[in-house]
Amino acid sequence: MALSPPAGTYAVLGHIVDAPQLDVVRGLDEPSLVVVSGSGEIESVHRAGAADAAASLEASGVTVIRLGQRDFLVPGFIDCHVHASQWAYMGTGIDRPLMADDGFLAKYAFPAESALNAQTAGEVYRAAIDDMLRNGTTTALVWGSARLDASEEYVKAVVERGGPRSLIGKVSMDRHCPEGYVETTAQSLADTEAFVLRTKAANDALGLPAGSPPLVAPAITPRFLPTCTAELLRGLGALAEKHDCFVQSHLSESCDELAFSSSLFPGFRSDAAAFAAFGLLRRPSLMAHCVHLQPGEAELLLQHGCAMAHCPTSNFFFAKEALPVRQMLQLGVKVGLGTDVAGGYSPAMLVSLRHAVLASKTLQFRRAKGCATLRDRHNLSHTDGLHLATQAGADALGFGGSLGSFDAGKRFDAVVWAAEGPNVRCYRGGVAEEPSDLLHKLLTNGDDRNIKAVYIGGRRVV
Ligand SMILES: [Zn+2]
């Protein structure tokens, strides 16, 4: 099977599976056909009569890529919270508290980030980009470091590699950071504006097809309330407005962080109220974690069009709490899924997906006696996890109309997974051979070894 797309229009035939909503999975019952234009847009999707449609396309000279019996074409994953600048220590440090003198930030995050410069950052960022693509991530909301030159290396590396699509932030922080890795307020604002302008220019220079989401775009990125003065936050809010720029930060992650930020901003009822007052909750914007919300805080985020990144892996370690994802979605808040490397130890969205399912179980365990509704209120299945990792993430980043599922008019960002291998066992003629079983096996036991191809905008990148 040749998986590299030809020039011009082509089509893919086989199990073309997506999860456009919670509790909804399409494409498992019979083969589908997706037709991709030469500019990387999905022209049409045939959910019935796919084989006949494929035959007539082939008769007119269009190449049809036929997937194997145990292959699945799935939308590319969307990682809504990942620190590319922390790649070097991924897999360690998570047993520390977030805020202590020898904690995660002081001992790992700040030294790793401050070591990045124009000479050293490229190698780290190229590794991060390779790991994301190799694990099926085609779009990410990324954190660089507080250094302008180092963060620009990420932009260069994405343009060079052709993915993943990245909203990328140069971090802003002007207090409570180590000497040598803290900005003045004026420098932080000047560097942030320069980064916004240069990143937009880098994307404009690509000449992407009309209607395409960007390959690179800037995100205004105050680290979190404890490391930002009111003056910096106000200035960043003004820059977001001036350049109509996406905003990301951390919100209500851990109890030690919350106690510190409320002591620094005593005039506000919550983290969200402070961000809102400085113009940093806007549509679209996204806050990571949100696991220790005050009453009314979720409604405030919703009112301002601010999404949440659910980062279950790191929440188990630092937050010691789980986001009630289903309840937030029912409230109307957009919730995507994040790996939170290096607060999370894996760059694979499949790992975050599994941990989101497990985190939902911990909410069901709580007060379980005599409460029959806990399962309904909190349960996430693995296919719900697939929804969070794809369409929900696209919605959270403001790209829901162009990414996240297989529908005509969207971009063809997709991954071919093989439900077969040493980690995903299948015995022909045995039980558990239905497509739904094979997909479940992939979601629970699959990893990068099961990926055959990754496409961004119709172009093969892995
Ligand atoms: Zn983070």
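H15 is buried, with a relative accessible area of 13%. Buried means under 20% relative accessible area, exposed means over 50%, and partly exposed lies in between (1.4 Å probe, protein chains only). H15 is found in strand 1 (residues 10-16). Strands (E, at least two residues) and helices (H or I, at least four) are DSSP runs, numbered from the N terminus. Leaving aside neighbours within four places in sequence, H15 is in contact with G27, L28, E30, L67, Q69, D71, F72, L73 and P435. Contact means heavy atoms within 4.5 Å.

This is a predicted model, in which local features need pLDDT of at least 70 and side-chain atom pairs count only at pLDDT 80 or more, while totals for chains, interfaces and linings use all residues. Residues are numbered from 1 along each chain as its sequence is written, and side-chain values use heavy atoms, with hydrogens and water left out.

## Two domains

The domain assignment of the protein chain gives domain 1 (10-75 + 405-460) and domain 2 (77-397). Such bounds come from an automatic or database domain assignment. The centres of the two domains, taken over C-alpha atoms, are 30 Å apart. Their contact takes 30 residues from domain 1 and 28 residues from domain 2.

How much area is buried between domain 1 and domain 2? The value is about 2,400 Å², and carbon and sulfur atoms give 61% of it. Buried area is the accessible area (1.4 Å probe) that two parts lose on being put together, summed over both. On the domain 1 side, L22, L443 and I456 lose the most area to domain 2, together 28% of what that side buries. Across the interface the rule finds three salt bridges.

## The zinc site

Which residues coordinate the zinc ion? They are H81 (NE2), H83 (NE2), H250 (NE2) and D340 (OD), at 2.1 to 2.8 Å. Donors are N, O and S atoms within 2.8 Å of the metal (3.2 Å for Na, K and Ca); water is not among the atoms, so sites may look incomplete. The four donor atoms subtend angles of 83 to 167°, which makes the arrangement irregular. Four donors count as tetrahedral if all angles lie between 85 and 135 degrees; four count as square planar and six as octahedral if opposite donors are over 155 degrees apart and all others between 65 and 115; anything else is irregular.

Along the chain the donors follow the spacing H-x1-H-x166-H-x89-D. H83 lies in strand 8 (residues 77-83) and H250 in strand 13 (residues 246-251), so this pair ties together parts that are 167 residues apart in sequence. H83 is buried, at 4% relative accessible area. H250 also counts as buried, at 7%.

## Helix 2

Helix 2 covers residues 104-114. Its buried residues are F104, L105, Y108, A109, F110, A112 and E113. They pack against helix 10 (312-319).

## Salt bridges

How many salt bridges does the rule count? The count comes to 22. A salt bridge is a side-chain nitrogen of Lys or Arg within 4 Å of a carboxyl oxygen of Asp or Glu. One of them joins R26 and D407 (3.1 Å, N to O). R26 sits in strand 3 (residues 24-26), D407 in the loop between helix 15 (391-397) and strand 17 (414-418), 381 residues apart. R26 is partly exposed at 24% relative accessible area, and D407 is partly exposed at 28%.

D71, a contact of H15, forms a salt bridge with K452, with the closest N and O atoms 2.9 Å apart. D71 lies in strand 7 (residues 71-75) and K452 in strand 18 (residues 451-456), so the pair ties together parts that are 381 residues apart in sequence. D71 is buried, at 3%; K452 is partly exposed, at 34%. Another salt bridge links D448 with R134, the closest N and O atoms being 2.6 Å apart. D244 and R282 form one at 3.7 Å between the closest N and O atoms. Both lie in loops: D244 between helix 6 (230-242) and strand 13, R282 between helix 8 (271-277) and strand 14 (285-289), 38 residues apart. D244 counts as exposed, at 58% relative accessibility, whereas R282 counts as buried, at 13%. Salt bridges that share partners join D18, R26, R47 and D407 into one network.
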